[in-house]
Amino acid sequence: MHRRPGDDLEYALLTVQELIESTMVIHRDRSRQEQLITAVSGSYAKVLTYARELIEQAEDTIDILHSRVPSSSERLEGAGWSERDLLNCAQDSVTTRVLVSPVLAEESFPRQGSGKAKPIAVRVVRLPSLQVLIADGSTALVVAGPSAARRASLIKEPEVLQAMRMYFESIWNSSLPADEHSIFGDRDRTVLSRQILGALRAGVTDEVAARELTVSVRTYRRYVAEIMALLGANSRFQAGVRAAELGLLPSSSSVPRQPSGPQG
């Protein structure tokens, strides 16, 4: 079975996620006495306490992968603390990088570290549901799973940390800076652009897509050309692949549909 354009990235991310989680399980058993991997049980507030301690103690680097959306109950447990608040606890000289999923890009992290000697670098990419914090490359906090079945671990096992750093670096190098992710401008233009991307993915003709979006065919084609330029694509197919990699494509329910059967 052939995977659709853009599925390769998701498949790779899920594969690496499974590798990290399976490695964590193996080493948690092997390292129980050495306490190189320890489970963090209890409330989400306890998880955030560990995160804050790691951020405050970091001296050189903080790398964060954030694509797991905390539940409303977890936010209440966290007593109002957000990921953005936690990063304000970092030393000004620490280099901070954040990988965030598109759905969280606008609300979770600042585009730059206000008042800090080293601005926070934020990149956006479609990711599996995970929260990962790596401090100085030597300690990591990983949170996975829904609130009711949350799994959190504090990791100091070198082999697992190496896998996680490689995972982070590979995604970072192929992801889009947050400022470039908001390439479509205001909210209305973003919604329209996502609908156009969905129409391109579905193979809808320009005439049908333009009619569904209540714009002229000429205007629709101009929008398509602008989107291709913004995505750095040389073809509509390439634009679709790039949009899929960045998590910009809408659900199929919001995409204009090609009429079935002969048209009279």
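A contact here means that heavy atoms lie within 4.5 Å. This is a predicted model in which local features need pLDDT of at least 70 and side-chain atom pairs count only at pLDDT 80 or more, while totals for chains, interfaces and linings use all residues. Residues are numbered from 1 along each chain as its sequence is written, and side-chain values use heavy atoms, with hydrogens and water left out.

**View 1. The protein chain as a whole.** Of contacts between residues at least 6 apart in sequence, 73% join residues at least 24 apart. The chain has 11 helices and 8 strands, taken as DSSP runs (H or I, at least four residues; E, at least two) numbered from the N terminus. Of its 264 residues, 44% count as buried, that is, under 20% relative accessible area with a 1.4 Å probe, protein chains only.

**View 2. The largest nonpolar core.** Such a core is a set of buried Ala, Val, Leu, Ile, Met, Phe, Trp, Tyr and Cys residues joined through side-chain atoms within 4.5 Å. Among its 26 residues, Val47, Ile55, Ile62, Val98, Leu133 and Leu141 touch the most other members. Elements giving two or more residues include helix H2 (44-57), strand E3 (95-100) and strand E5 (130-135), and H2 gives the most, with 6 residues.

**View 3. The aromatic pair in helix H6.** The structure holds 1 aromatic pair (ring centres within 6.5 Å). The ring centres of Phe168 and Trp172 are 5.9 Å apart and their planes stand at 15°, so the pair is stacked (planes under 30 degrees apart). Both residues lie in H6 (residues 158-174), 4 residues apart, about one turn of the helix, and both are buried.

Note on methods:
Buried < 20%, exposed > 50% of the residue type's maximum accessible area, 1.4 Å probe, protein only. Phe/Tyr/Trp six-rings, centres within 6.5 Å; stacked < 30°, edge-to-face > 60°.
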